[in-house]
Amino acid sequence: MLDEVGFAAYAREQIRATDVILAKHLDQTTVCSCGRTLPCSQAQSLVRRRLHFVDQLARLDAPSTVGRASVVTM
Ligand SMILES: [Zn+2]
């Protein structure tokens, strides 16, 4: 089991990784950047995953969390 510091690092890494993947789904004008029709189910699940980790980070007593980073809304 991870302690809080370990989990915070893990959560930040997950958010960073999710952002990299999400960048391939961001241009959603007529179809998603990945080629899927809208709404893109993969982008939606990524946003949920990202929010989950942001929320977990916000619960930790870590002053330098990335929880305040802008949250992508779809
Ligand atoms: Zn997509």
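Which residues are exposed on the other side of α1?

A: The model is a predicted one. On the side of α1 in question, the exposed residues are V5, G6, A9, E13 and V20.

The helix itself has 19 residues. From its first C-alpha to its last, α1 reaches 26 Å, close to the 27 Å expected at 1.5 Å a residue. Its buried residues are A8, A11, I15 and T18. Viewed down the axis of α1, these buried residues fall within an arc of 90 degrees, so they line one face of the helix. That buried face packs against α2.

Of its 74 residues, 18% are buried.

The partner, α2, spans residues 41-59 and also has its length given as 19 residues. Its reach from first C-alpha to last is 27 Å, close to the 27 Å expected at 1.5 Å a residue. Buried in α2 are A43, L46, R50, F53, V54 and L57. Seen down the axis of α2, they fall within an arc of 100 degrees, so they line one face of that helix. Turned away from the buried side of α2 is a face that carries the exposed residues S41, S45, R48, D55 and R59. The cover over the buried residues of α2 includes α1, residues 4-22.

As to geometry, two packed helices are described by the angle between their axes and the distance between the axes. Here α1 and α2 pack at an angle of about 155 degrees, and their axes lie 9 Å apart. Angles over 145 degrees count as roughly antiparallel, which makes α1 roughly antiparallel to α2. The crossing in which α1 passes α2 is left-handed. On the α1 side, the contact is made by A8, A11, R12, Q14, I15, T18, I21 and L22. On the α2 side, A43, L46, R49, R50, F53, V54, Q56 and L57 take part.

The buried residues can be followed into this contact. A8, A11, I15 and T18 are buried in α1, and they are among the residues of α1 that make the contact with α2. Likewise, A43, L46, R50, F53, V54 and L57 are buried in α2 and are among the residues with which α2 meets α1.

Finally, for the protein as a whole, residues 24 or more positions apart account for 45% of the contacts with a separation of 6 or more.

Terms used:
Residues numbered from 1 in each chain as written. Predicted model: local features only at pLDDT ≥ 70, side-chain atom pairs only at ≥ 80, totals over all residues. Helix = DSSP H or I, 4+ residues; strand = E, 2+ residues; numbered from the N terminus. Expected span 1.5 Å × (residues − 1). Buried ≥ 20, exposed ≤ 12 C-beta atoms within 10 Å, placed from the backbone. Arc of directions from axis to C-beta. Contact = placed C-beta atoms within 7 Å. Axes fitted to C-alpha atoms, helices over the stretch in contact; angles between N-to-C directions. Parallel < 35°, antiparallel > 145°, perpendicular 65-115°, else oblique. Left-handed = near helix turned anticlockwise from the far one by under 90°.
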